[in-house]
Amino acid sequence: QVQLVESGGGLVQAGDSLKLSCVASSGRTFSVYAMAWFRQAPGKEREFVAGITRSGGSTRYPDSVKGRFTISRDNAKNMVYLQMNSLNPEDTAVYYCAADRAPAGIIYTSTARYNYWGQGTQVTVSS
């Protein structure tokens with residue numbers, strides 16, 4: 001069982017940056033979990049925006065955020081982060097942290113592969 005709590009959301013202007021944080025509490029070592037960030041805008045499906053392997057050695061992004069978003073993790077602190085730069089109004093959504101056990105080197109991009117979710121943090125980008 002993993003409990004995830006996101007923070008760092010807010011209202012920003014187009015072109016601004018924002019850094020989201022997610023802290024995990026688990027009975028297992030945090031490094032057994034692959035981690036990801038998803039987002040969901042009103043009326044849309046939840047979509048993958050960033051993923052990172054158990055060790056943090058590899059990351060993955062969709063084209064919509066590649067070059068603007070950076071996911072990272074600190075296994076010693078049970079933390080995962082999402083640095084978001086050059087934000088635009090299309091990035092407005094609730095952002096969710098997700099976790100699940102995965103083999104080394106694997107990043108899942110489907111919501112169905114993650115059993116543990118945070119409550120979400122709202123990011124609003126004004127034009």
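## Contacts and overall form

Among contacts (heavy atoms within 4.5 Å) between residues at least 6 apart in sequence, 60% join residues at least 24 apart. The model is predicted: local features need pLDDT of at least 70, side-chain atom pairs count only at pLDDT 80 or more, and totals for chains, interfaces and linings use all residues. Residues are numbered from 1 along each chain as its sequence is written, and side-chain values use heavy atoms, with hydrogens and water left out.

The chain holds 11 strands and zero helices; both are DSSP runs numbered from the N terminus, with helices (H or I) of at least four residues and strands (E) of at least two. The radius of gyration, taken over C-alpha atoms, is 14 Å, close to the 14 Å that the globule rule (2.2 Å times the number of residues to the power 0.38) gives for 127 residues, so the chain is as compact as a globular protein of that length. Along the principal axes, the C-alpha atoms fill a box of roughly 40 × 25 × 25 Å.

Buried residues (under 20% relative accessible area, with exposed over 50% and partly exposed in between; 1.4 Å probe, protein chains only) make up 43% of the 127 residues.

Six bridges join E1 to strand E3 (residues 18–26), and the two run antiparallel; strands pair if DSSP finds at least two bridges between them. Leu 4 has Ala 24 in E3 as its bridge partner.

## Aromatic pairs

Rings of Phe, Tyr and Trp (its six-membered ring) pair if their centres lie within 6.5 Å; planes under 30 degrees apart count as stacked, over 60 as edge-to-face and the rest as tilted. This rule gives seven aromatic pairs. The rings of Tyr 33 and Tyr 116 have centres 6.3 Å apart and planes at 85°, so this pair is edge-to-face. Tyr 33 lies in strand E4 (residues 33–40) and Tyr 116 in strand E10 (residues 116–117), 83 residues apart.

Phe 38 and Tyr 114 are also edge-to-face, at 5.5 Å centre to centre and 75° between the planes. Phe 38 counts as buried at 1% relative accessibility, and Tyr 114 at 3%. Ring pairs link Phe 38, Phe 48, Tyr 96, Tyr 108, Tyr 114 and Trp 117 into a cluster.

## Charges over rings

A charge sits over a ring if NZ of Lys or CZ of Arg is within 6 Å of the ring centre and within 35 degrees of the ring normal. The charged end of Arg 46 sits over the ring of Trp 117, 4.9 Å from its centre. For Arg 73 over the ring of Phe 30, the distance to the centre is 4.5 Å.
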